[in-house]
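The sequence and the model are shown first, and the description follows.

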Amino acid sequence: MDISFYSKRILKLLGIGFIAPLLIFEINTLNKQIKAEESFISASEKDLFLYRQMGASYLCIASKAEVDFNKGLGIASATFANVIIGKHGGAIKELGNKKLDEKKLYNAGTFQIVGSALNICPESIPKNIKNDYDKKLKKLLKQGKK
């Protein structure tokens, strides 16, 4: 059986009828993604609290599961930074919507996560980490008073 000329033409028209809406949908989806990337909302204190607590909770659970403390802290800090970059474009409302790079967010996350973990599971935090945290906190408080 051979397909007639008219049947081939109808199949082409049907194919175009199915493909064209999909292409338009795909272009529209890409356009929405680009607009969404431009309109990040800076992380509020409430957002930061949530991310910090999630990191501290992870760190406590990982420590109790005998995961190396530094590895657990690294994963929690990297997640903290990645969420702020992915969801908020690296911007923090408290800093005037200034965008921070991954390294600064990682370091800030490390400090904040350790502080929260000291409240949640102080027994899981090594003494040297606790001492380093206390020194940095005193230094920050001293700088804040000036």
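The model is a predicted one, and every value below is computed from it. Of the 146 residues of the protein, 27% count as buried.

**Overall arrangement**

The protein has five helices and two strands, and these elements follow one another along the sequence in the pattern α-α-α-β-β-α-α. Among the contacts between residues at least 6 apart in sequence, 67% join residues that are at least 24 apart.

**Helix pairs**

| Pair | Axes come within | Crossing angle | Handedness |
|---|---|---|---|
| H3 (residues 69-88) and H4 (residues 102-120) | 8 Å | roughly 125° | right-handed |
| H2 (45-64) and H4 | 8 Å | roughly 60° | right-handed |
| H4 and H5 (residues 127-145) | 10 Å | roughly 115° | left-handed |

The axes of H3 and H4 cross at roughly 125°, which makes H3 oblique to H4. On the H3 side the contact is made by Leu-73, Gly-74, Ala-76, Ser-77, Ala-78, Phe-80, Ala-81, Asn-82, Ile-84 and Ile-85, and on the H4 side by Glu-102, Leu-105, Tyr-106, Gly-109, Thr-110, Gln-112, Ile-113 and Val-114. Sorted by residue class, this contact of H3 with H4 comprises 11 nonpolar, six polar and one charged residue.

For the crossing of H2 and H4, which is right-handed, the residues that meet are Arg-52, Gln-53, Gly-55, Ala-56, Ser-57, Leu-59 and Cys-60 in H2 and Gln-112, Ile-113, Ser-116, Ala-117 and Ile-120 in H4. The residues of this contact divide into six nonpolar, five polar and one charged.

H4 and H5 are roughly perpendicular to each other, and their crossing is left-handed. Here Phe-111, Val-114, Gly-115 and Leu-118 in H4 meet Ile-129, Lys-130, Tyr-133, Lys-136, Leu-137 and Leu-140 in H5, a set that divides into seven nonpolar, one polar and two charged residues.

Ile-113 lies in helix H4 and is listed both in the contact of H4 with H3 and in the contact of H4 with H2. Its relative accessible area is 0%, so Ile-113 counts as buried. When residues up to four places away in sequence are not counted, Ile-113 touches Arg-52, Gly-55, Ala-56, Leu-59, Leu-73, Ala-76, Ser-77 and Phe-80. Arg-52, although 61 residues apart from Ile-113 in sequence, is 5.4 Å from Ile-113 in space, C-alpha to C-alpha.

Leu-73 is placed in helix H3 and is likewise buried, with a relative accessible area of 9%. With its neighbours within four places in sequence left aside, Leu-73 is in contact with Leu-59, Thr-110, Ile-113 and Val-114. Leu-59 is among the H2 residues that meet H4, while Thr-110, Ile-113 and Val-114 are among the H4 residues in the contact with H3. Between Leu-73 and Tyr-58 the C-alpha to C-alpha distance is 8.5 Å, and the two are 15 residues apart in sequence.

Notes
Residues numbered from 1 in each chain as written. Predicted model: local features only at pLDDT ≥ 70, side-chain atom pairs only at ≥ 80, totals over all residues. Heavy atoms only, no water. Axes fitted to C-alpha atoms, helices over the stretch in contact; angles between N-to-C directions. Helix = DSSP H or I, 4+ residues; strand = E, 2+ residues; numbered from the N terminus. Parallel < 35°, antiparallel > 145°, perpendicular 65-115°, else oblique. Left-handed = near helix turned anticlockwise from the far one by under 90°. Contact = heavy atoms within 4.5 Å. Nonpolar A, V, L, I, M, F, W, Y, C, P; charged D, E, K, R; others polar. Buried < 20%, exposed > 50% of the residue type's maximum accessible area, 1.4 Å probe, protein only.
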